[in-house]
Amino acid sequence: MSDALDFLRPDLRDFAGYNSARRTKTNGTVWLNANESPLPSLADQGQQWHRYPEPQPAQLRARMAELYGVHPEQLLVTRGSDEGIDLLVRAFCRAGRDGVLVAPPCFGMYAVAARIQNTPLLEAALRDCDGEWQLDPPALLETVVGHAARVVFLCSPANPTGQALSLEQIRSLAQALDGRALLVIDEAYIEFSAIASAACLLPEFSQLVVLRTLSKAHALAGARIGAVLAAPELIAMLGNISAPYPIAAPSAALALAALSQPVLELSRQRVVATIRERNAMASALAKLAGVRRVYGSEGNFLLVRFNDRALAYQQLLSAGVVVRDVSAMPGLADALRITIGTPGDNLAVLKALQAERVV
Ligand SMILES: Cc1ncc(COP(=O)(O)O)c(C=O)c1O
């Protein structure tokens with residue numbers, strides 16, 4: 001098996017990161033080493049937020065690791081999975097040289113991170129085979145090898161297609177890419193899917209990385225908490241290149257509360273309700289005259305093709321319903337992505353799309 005850090009930028013190999021005040025392990029009672037205010041803000045209700053937070057909040061890290069079935073050393077708490085994407089590209093891609101590979105249509109932040117790092121963006125497009133989005137593993141492998149891609153981002157369930165990869169597909173891709181590139185599986189929506197997390201494959205593949213987030217099923221998009229799951233040495237290196245105090249203390253506290261048993265139970269019930277609504281919405285939308293295709297989805301959204309996408313978007317907007325126009329993505333000129341909302345929100349979507357055509 002290859003080493004997790006085989007593809008790390010060579011100039012980062014001996015980089016130890018910023019030696020922040022919180023990283024230095026010292027005991028004391030009078031803390032004058034970080035130029036903090038000695039007194040809490042008046043707005044602080046006993047939380048002691050005048051102190052810099054732990055770079056990696058230990059309790060939250062342990063709780064997330066337990067939830068995702070890994071050891072704490074295999075998990076980096078990040079400012080949303082967006083930060084994980086950014087750190088991976090910065091750590092593994094030399095500017096102007098090592099490529100990032102994506103399978104469009106897909107989430108746009110992989111391309112943004114590649115652009116910021118000035119690293120080539122390579123593509124192995126998904127094929128729409130009569131309603132089934134199919135990955136082309138031989139083409140993907142050929143592109144990785146031919147263009148020296150260092151990081152491959154795949155999303156499962158995928159945004160915006162809604163389709164998930166099976167563990168078998170991920171295993172065979174990880175085998176094919178072993179020693180060639182990191183394989184990153186972005187599982188932002190996995191709670192809405194019946195498929196198991198690829199985290200169970202981490203012991204088999206040192207160059208496999210899994211991204212998770214509390215933004216979707218745990219309803220904490222505003223707190224910006226995500227996680228990178230990977231081999232401990234890779235996690236330690238990403239910690240070295242991340243900001244000195246990436247996780248805001250109020251966000252860490254909120255995330256920990258959201259992962260307490262009663263809140264977790266409610267989140268799980270809501271996920272079940274969202275799945276039910278998603279399936280009902282898929283059937284209802286498919287019956288509408290203007291709808292050409294509704295793709296099966298394992299996320300909390302539906303990808304829908306319309307006879308007249310611009311008209312559908314306008315009808316929704318006129319009713320005050322804002323959905324995602326994905327028509328600029330390859331192969332999706334006639335499509336919108338619709339998040340599953342409350343039953344009332346979903347009804348508003350259906351009503352708007354049933355409205356008479358405005359001439
Ligand atoms: C596939 C995918 N990955 C990652 C993210 C970013 O999530 P976070 O809020 O954790 O940064 C999103 C957000 O929409 C997403 O769709």
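Let's begin with two neighbours: strand β8 (residues 208-213) and strand β9 (residues 226-229) run antiparallel and are joined by four bridges. Here, strands (E, at least two residues) and helices (H or I, at least four residues) are DSSP runs, numbered from the N terminus, and two strands pair if DSSP finds at least two bridges between them. What you see is a predicted model, in which local features need pLDDT of at least 70 and side-chain atom pairs count only at pLDDT 80 or more, while totals for chains, interfaces and linings use all residues. Residue numbers start from 1 along each chain, as its sequence is written.

**The seven-stranded sheet**

- β8 and β9 belong to an open sheet of seven strands, in the order β1-β9-β8-β7-β6-β2-β3, with mixed pairing.
- Which strands are the edge strands? They are β1 (75-78) and β3 (121-123), each of which pairs on one side only.
- On average, neighbouring strands of this sheet are turned by 25° against each other, direction ignored. For such angles, axes are lines fitted to C-alpha atoms (for helices, over the stretch in contact), and the angles run from 0 to 180 degrees between N-to-C directions.
- Helix α1 packs on this sheet and touches β1, β8 and β9, and its direction makes about 115° with that of β1. Being in contact takes two residues whose C-beta atoms, placed from the backbone, lie within 7 Å.
- Helix α5 also packs on the sheet, touching β6, β7 (182-186) and β8. The direction of α5 makes about 155° with that of β7.

**Two helices side by side**

- Helix α1 (residues 58-68) packs with helix α7 (residues 249-258) at an angle of about 35°, and their axes are 10 Å apart.
- α1 passes α7 in a left-handed crossing. A crossing is called left-handed if the near helix is turned anticlockwise from the far one by less than a right angle, and right-handed if clockwise.
- Which residues of α1 and α7 meet? On the α1 side they are Gln59, Leu60 and Arg63, and on the α7 side Ala252, Ala255 and Leu256.
- The residues of this contact divide into four nonpolar, one polar and one charged. Ala, Val, Leu, Ile, Met, Phe, Trp, Tyr, Cys and Pro count as nonpolar, Asp, Glu, Lys and Arg as charged, and the others, Gly among them, as polar.

**Around the ligand**

- The residues surrounding the ligand include Gly80, Asp82, Phe107, Cys155, Asn159 and Asp186. A residue is near a molecule if its C-beta atom, placed from the backbone, lies within 6 Å of it.
- Helix α2 (residues 80-92) gives the largest share of this shell, three residues.
- The shell divides into four nonpolar, six polar and two charged residues.

**Backbone details**

- The loop between β6 (149-155) and α5 (167-177) is the place of Pro157, and the peptide bond from Ser156 to Pro157 is cis, with omega near -10°.
- Pro160 lies in the loop between β6 and α5, and the peptide bond from Asn159 to Pro160 is cis, with omega near 15°.
- Ala148 is not a glycine, although its phi is positive, at about 50°. You can find Ala148 in the loop between α4 (137-147) and β6.

**The four-stranded sheet**

- Four strands form an open sheet with antiparallel pairing, in the order β10-β11-β13-β12. β10 (291-294) and β12 (324-325) stand at the edges with a single partner strand each, so one side of each is left without a neighbour in the sheet.
- A hairpin through six residues joins β10 to β11, and these two strands pair in the antiparallel sense over three bridges. Val291 has Phe306 in β11 as its bridge partner.
- β12 and β13 (residues 335-339) run antiparallel and are joined by two bridges, with Asp325 opposite Leu336 in β13.
- Helix α9 (residues 309-318) lies across β11 (301-306), β12 and β13, and runs at about 30° to β13.

**Two domains**

- The chain is assigned domain 1 (10-259) and domain 2 (263-354), with bounds that come from an automatic or database domain assignment.
- The contact takes 24 residues from domain 1 and 22 residues from domain 2.
- The side of domain 1 that touches domain 2 divides into 14 nonpolar, seven polar and three charged residues.
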